[in-house]
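Dear colleague,

Please find below the structure I am handing over to you. My findings follow it.

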Amino acid sequence: MKDPILFLRSGALGDFLLTLPILDALLQAGKTVDAAVPARFFCLLPSKIRTRYAIDQAESLWIFSGIPRDHKVIICFSPHLAEIWSRTSLEVRTTDPIPTQKPAIFHYAQVIPEFSISPPRLSFATKPLSGPAPVVISPGSGGLHKRWPLEKWM
């Protein structure tokens, strides 16, 4: 895979989190990656991302027209965007946005079969808590195939 890579991911938080290991694998391999994701997810992107594009804002309309910048490879999880970019001379790597295997990360990892994928992990800066405070984890998802099994939570 040649540099630079444009990583396109729209969708909800759970969908985005399931593809973070793909970004990690690319960056650990020394790839230059730009990410076009909803702006609200910028704080979850790895710090080594070269450029962040807010896919949900006007500044990123070029993504929906398939007008290349300096990217050589597009990794995309949207059928609509994959179809637009497949009309260019760029290499487009995509898979069905609805996972067909469990855990879902292995479905998404099909876009980079040459890399080893680790389970998702999150790290982001937070303010220190003062005093006891609850931590809330919401195990729900719109798709049954993306839910962590109850026995794993236990």
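Leaving aside its neighbours within four places in sequence, which residues is Arg-69 in contact with (heavy atoms within 4.5 Å)? They are Tyr-53 and Trp-62.

Please note that this is a predicted model, in which local features need pLDDT of at least 70 and side-chain atom pairs count only at pLDDT 80 or more, while totals for chains, interfaces and linings use all residues. Residues are numbered from 1 along each chain as its sequence is written, and side-chain values use heavy atoms, with hydrogens and water left out.

Arg-69 lies in the loop between strand S3 (51-54) and strand S4 (73-76). Its relative accessibility is 46%, so Arg-69 counts as partly exposed (between buried, under 20% relative accessible area, and exposed, over 50%; 1.4 Å probe, protein chains only). The C-alpha atoms of Arg-69 and Leu-6 are 9.4 Å apart, although 63 residues separate the two in sequence.

Overall, the protein has four helices and five strands (DSSP runs, numbered from the N terminus: H or I of at least four residues for helices, E of at least two for strands). Their order along the sequence is β-α-β-β-β-α-β-α-α. Of the 154 residues, 40% are buried.

The five strands form an open sheet in the order S3-S2-S1-S4-S5, with parallel pairing (two strands pair if DSSP finds at least two bridges between them). S3 and strand S5 (91-94) are the edge strands, each pairing on one side only. Strand S2 (residues 33-37) runs parallel to S3 and is joined to S3 by four bridges; Ala-35 stands opposite Arg-52 in S3.

Yours sincerely

Terms used
Contact means heavy atoms within 4.5 Å.
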